[in-house]
Amino acid sequence: MNLINIGSFALLCIFGISYISKLIILAYKNNIKANVFGKGIKLKETLVVEKCLKVITFIEIGIWTVDALFPAFAEKWFIKIYESFGISFFGLTITLIGISLFILAMMVMKTSWRAGIDKSTKTTLVTSGIYRYSRNPAFVGMDLMFIGIAIIHGNLITMVLSILVIISLHLQILQEENHMKEVFQKKYNEYANKTPRYLLF
């Protein structure tokens, strides 16, 4: 393993630990089952989007693991587009920014954070902190993370999967916006009118 692969795996661990830790804290400290991806009574379209996102994300994380821990295998079986320390280091920086943004968004959401749309419990509309600048900073963070991973490893399968994850995240955002409009109504519409979906748009 070279420095780039070590950095990539370290970032994967940071992302995984932060995500799982948030689920555990909400479960044991607040008695909240926050992992509701593809679960519960929801519209069929919502369930399909969530299940697809879950599967594609798990596959991408699996490929990320292979890229980082087994570079010889990845080089043999994954079609390499380029190999550049400078570009890969830039990818590490983008991934770090994405993960940091994701963690910050989870922290600001406090007990309202969910993995998936939660129809069973009442949450509050968070509009403070980083949510003053983006309605979906956690998703922006994940987009940056997966873009960064594609840049780091520079192979075709990682790039294609990253694009598929980003498309799936966008579809998830649309489902969540419909849910927020239904739950918070005028309050959410006012928030949406003054706050971009991503960062600048």
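**Aromatic pairs**

Analyst: This is a predicted model. In it, phenylalanine 15 counts as buried, at 6% relative accessibility.

User: And phenylalanine 102, what is its relative accessibility?

Analyst: Phenylalanine 102 has 2% relative accessibility, so it counts as buried.

User: How many aromatic pairs are there in the whole structure?

Analyst: The search finds 9. One of them joins the rings of phenylalanine 15 and phenylalanine 102, whose centres are 5.2 Å apart.

User: Stacked, tilted or edge-to-face?

Analyst: Tilted, because the planes are at 50 degrees, and angles under 30 count as stacked while those over 60 count as edge-to-face.

User: Where do phenylalanine 15 and phenylalanine 102 lie?

Analyst: Phenylalanine 15 is in helix α1, residues 3-29, and phenylalanine 102 is in helix α4, residues 85-109. The pair therefore ties together parts that are 87 residues apart in sequence.

User: Switching to tyrosine 19. Which residue does it form an aromatic pair with?

Analyst: Tryptophan 113. Their ring centres are 5.7 Å apart with 90 degrees between the planes, an edge-to-face pair.

User: Which parts does that pair tie together?

Analyst: Tyrosine 19 lies in helix α1, and tryptophan 113 in the loop between α4 and α5 (137-153), so the pair links parts 94 residues apart in sequence.

User: Is tyrosine 19 buried, exposed or partly exposed?

Analyst: Tyrosine 19 is partly exposed, with a relative accessible area of 21%; the cut-off for buried is under 20%. Tryptophan 113 is buried at 6%.

User: Which residues form one aromatic cluster?

Analyst: Phe15, Tyr19, Phe102 and Trp113.

Conventions
Residues are numbered from 1 along each chain as its sequence is written. This is a predicted model: local features need pLDDT of at least 70, side-chain atom pairs count only at pLDDT 80 or more; totals for chains, interfaces and linings use all residues. Side-chain values use heavy atoms; hydrogens and water are left out. Rings of Phe, Tyr and Trp (its six-membered ring) pair if their centres lie within 6.5 Å; planes under 30 degrees apart count as stacked, over 60 as edge-to-face and the rest as tilted. Helices (H or I, at least four residues) and strands (E, at least two) are DSSP runs, numbered from the N terminus. Buried means under 20% relative accessible area, exposed over 50%, partly exposed in between (1.4 Å probe, protein chains only).
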